[in-house]
Amino acid sequence: MALDPNIRINLDRSVVLLVDDNPQALEALSAMVRGFGVRKQFKCGSGAEAMHYVKNQELDLIITDAQMPDMDGYDFVRWLRRDAPPELIFTPVIMLTGHAPRSMVEKSRDSGANFILTRPFTPEILLQRIFWVARDERQMVKSANYVGPDRRFKNLGPPLGVKGRRKDDLSTHVGAAVDPNMDQNEVDMLMKPARVQI
Amino acid sequence: MSKTEFIKVQHRLSQQVAKPGGMTADIATQRARRELAAQAGDAKKSLGVTIGRLEAMCAEKTASADDIYVESAVVLDIAGMFDMRTLCDASYSLCELTDRLRTKDRQDWTSIGVHVNALRLIWSKDDKDADQLKSVVDGLWAITDRLDAS
């Protein structure tokens, strides 16, 4: 489902941490994020370095590669969700993966990232995921075995601002009221059975 | 049993994206594409160097499946940022092949060599001749899938 090209997005004041052990991929990611209008971004090449930034900077979004030597993206997000400073444990995370080895599937599922984005991807797709993360209304779950967004499936319709594929595809997001509240008489009239002449 | 907590979190990012100003998604992606295009030359060189390392490994035949996997994942990482789909498909097949080989504790330099040659071919074509290259990638997957049967 494509992001509406006319939708406005303001990332001027967002502070983003980018983590990838491959310098070329990190530069490309940084270029993309700069294009989206992010002015303040930190780049680092390992999970350990990323931990340092989390402890010392206010961050609004983290985009991390999944596979890195020593501390991979999954372990980094696990640490973030459990042991990071309390005000940062629920910082939104987009995890980038390439190939997912079979041994990593469970680890990936349980890491606690908000979204997992598979390579190859385009700037449109990354921007869409950032938008989804920003509008993500899932509760966070904190339990012994898992800390992260609620993974239980619930049909909330298409994300707000995104057209559904079917004509009756509506988001369940109600939004702010646009008309004045109805008075009690009007409410009663909506429900009152009326005799009709056939 | 430990208690499970459900916490409603309001991210700062949610408030920031909705603030007045910013740009449309269309403009943002166009700008990102321009920024990416400036990096494409360096990325292509890096991909060439990484494929060169894979070629050297195939010539020496001493590297482990893990080493091949790591280099192939590098190709996938870089190519994936530039939406080079054919190169990604081919490197994904090599990742899958080496992952299956290491799981079975086997080595198959012929299959790895075919993959590496294909990576070089696709890299040199810059994702042009898509139909022709698709049949190359299909062939790579046939090799990788054969490993499950054997």
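Where is Lys61(B) found? I located Lys61(B) in the loop between α2 and α3 of chain B.

**Entry 1. Ground rules**

I note that this is a predicted model, in which local features need pLDDT of at least 70, side-chain atom pairs count only at pLDDT 80 or more, and totals for chains, interfaces and linings use all residues. Residues are numbered from 1 along each chain as its sequence is written, and chains are lettered from A and ligands numbered from 1 in the order in which they are written. For helices I take DSSP runs of H or I of at least four residues, and for strands runs of E of at least two, numbered from the N terminus.

**Entry 2. Backbone exceptions**

I looked up the phi of Lys61(B), which is near 55 degrees, a positive value in a residue other than glycine. In chain A I found a cis peptide bond between Arg119(A) and Pro120(A), with omega about -5 degrees. Pro120(A) belongs to the loop between β6 (115-118) and α5 of chain A. For context, most residues other than glycine have a negative phi, and most peptide bonds are trans.

**Entry 3. The sheet of chain A**

I traced an open sheet of five strands in chain A, ordered β3-β2-β4-β5-β6, with parallel pairing. Two strands are taken to pair if DSSP finds at least two bridges between them. The edge strands are β3 and β6 of chain A, each of which pairs on one side only. Neighbouring strands are turned by 20 degrees against each other on average, direction ignored.

I then followed β2 (residues 15-19) and β3 (residues 40-44) of chain A, which are joined by five bridges in the parallel sense. Val16(A) has Gln41(A) as its bridge partner in β3(A), and Val19(A) stands opposite Cys44(A). From β2(A) the chain crosses through α1(A) to β3(A), and this β-α-β crossover is right-handed; that is, with the strands pointing away from the viewer, the path from the first strand over the helix to the second runs clockwise.

Which helix lies across β4, β5 and β6 of chain A? I found α5(A) there, running at about 175 degrees to β6(A). Angles run from 0 to 180 degrees between N-to-C directions, and axes are lines fitted to C-alpha atoms, for helices over the stretch in contact.

**Entry 4. Helix pair in chain A**

I examined α2 (residues 47-56) and α3 (residues 73-83) of chain A, whose axes come within 9 Å and cross at roughly 25 degrees. The two helices are therefore roughly parallel to each other (angles under 35 degrees count as roughly parallel, over 145 as roughly antiparallel, 65 to 115 as roughly perpendicular and the rest as oblique). The residues in contact (C-beta atoms, placed from the backbone, within 7 Å) include Met51(A) and Val54(A) of α2(A) and Phe76(A) and Trp79(A) of α3(A). By class, this contact has six nonpolar, two polar and one charged residues. Ala, Val, Leu, Ile, Met, Phe, Trp, Tyr, Cys and Pro count as nonpolar, Asp, Glu, Lys and Arg as charged, and the others, Gly among them, as polar.

**Entry 5. Helix pair in chain B**

I turned to α2 (residues 25-60) and α3 (residues 65-81) of chain B, whose axes come within 10 Å and cross at roughly 165 degrees. α2(B) and α3(B) are therefore roughly antiparallel to each other. Among the residues of this contact are Leu47(B), Ile51(B) and Leu54(B) of α2(B), with Ile68(B), Val75(B) and Ile78(B) of α3(B). The contact divides into 10 nonpolar, two polar and three charged residues.

**Entry 6. Where the chains meet**

How many residues of chain A are in contact with chain B? I recorded 51 residues of chain A in contact with 50 residues of chain B. α1(A) supplies the largest share of the side of chain A that touches chain B, nine residues. That side comprises 25 nonpolar, 13 polar and 13 charged residues.

β1(A) and β2 (residues 23-24) of chain B pair in the antiparallel sense over two bridges, and Arg8(A) has Thr24(B) as its bridge partner. An open sheet of three strands has the order β8(A)-β7(A)-β1(B), with antiparallel pairing. β8 (147-149) of chain A and β1 (5-7) of chain B stand at its edges, each with a single partner strand, so one side of each is left without a neighbour in the sheet. Three bridges join β7(A) to β1(B), and Lys142(A) has Glu5(B) as its bridge partner.

Methods: Contact = placed C-beta atoms within 7 Å.
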